[in-house]
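Here are a few exercises to work through with the model open beside you. Try each task before reading its solution.

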Amino acid sequence: MNDTLQVCRTALQDNQHPLHQAAWLLFAPKFKPSAADRLLANQREAIIQFCLDILNTDELYNEAALGSGNAPINCVDLLVHWQVKEAVPRLVRILKEEDFEAIVHDHAILALQKMGPAILDDILAVAETADPAIYLEMGSILSKIGRDDEQAFAWVRARFEEQVKEYDIRTWAELLLAVDVEHAITVLD
């Protein structure tokens with residue numbers, strides 16, 4: 001059995017385990033990051049590592065898994081609430097590996113958007129080498145965190161100019177406008 005899975009099972013069963021309360025919160029079907037923040041703030045560093053370990057445990061993403069797949073989703077929400085920049089590579093990996101219809105995929109996009117401009121350079125680096133399958137996710141994230149940034153605008157513009165279908169052109173035009181209205185209007189004219 002995976003070490004993280006064993007830690008999770010032990011923490012859930014043993015009320016003396018230092019991660020007991022965190023495990024119960026993170027594996028719950030209903031989760032509020034602000035409430036978890038208040039309850040877990042004194043263990044923040046340990047909880048961050050626990051969340052990262054959970055996010056790196058593929059077996060926990062399945063709905064048939066321990067916690068019905070809620071733990072990774074809840075970890076994403078807590079990490080963004082705490083603005084944990086170290087989570088960015090794992091959140092990006094979720095975008096690359098998880099089905100775009102999976103709830104955790106949506107939470108990862110929203111989390112990266114909520115991280116704000118502090119992660120702009122990281123996201124631009126990923127976007128430059130990203131598989132075209134996640135271009136739209138990258139564009140959506142850049143439209144939120146890259147407002148008025150020249151590099152973000154250039155990346156979104158390049159994807160806009162590649163489009164041939166009317167729906168795709170409209171979608172990318174909206175993203176372009178979200179990054180920089182003034183420059184987008186010039187391009188769109």
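Helices (DSSP H or I, at least four residues) and strands (DSSP E, at least two) are runs numbered from the N terminus. The model is predicted, so local features need pLDDT of at least 70 and side-chain atom pairs count only at pLDDT 80 or more, while totals for chains, interfaces and linings use all residues. Residues are numbered from 1 along each chain as its sequence is written, and side-chain values use heavy atoms, with hydrogens and water left out.

**Exercise 1.** Find which helices supply at least two residues each to the lining of the largest pocket.

*Solution.* Start with the term: on a 1 Å grid over the protein atoms alone, a pocket is an open set of points where a 1.4 Å probe fits, with protein on both sides within 12 Å along at least five of seven lines, and lining residues have an atom within 4 Å of a point. The space in the largest pocket is about 230 Å³, a volume being the space filled by probe spheres set on the points, which are joined across faces, edges and corners. Its lining includes Tyr61, Pro72, Ile73, Glu98 and Val104. The helices asked for are H5 (70-81) and H7 (103-115), and H5 gives the most, with three residues.

**Exercise 2.** Decide how H9 and H10 are oriented to each other.

*Solution.* First, the axes of H9 (residues 135-145) and H10 (residues 150-162) come within 10 Å and cross at roughly 140 degrees. Axes are lines fitted to C-alpha atoms, for helices over the stretch in contact, and angles run from 0 to 180 degrees between N-to-C directions. Angles under 35 degrees count as roughly parallel, over 145 as roughly antiparallel, 65 to 115 as roughly perpendicular and the rest as oblique. H9 and H10 are therefore oblique. In contact (heavy atoms within 4.5 Å) are Tyr135, Met138, Gly139 and Leu142 of H9 with Ala152, Trp155, Val156, Arg159 and Glu162 of H10.
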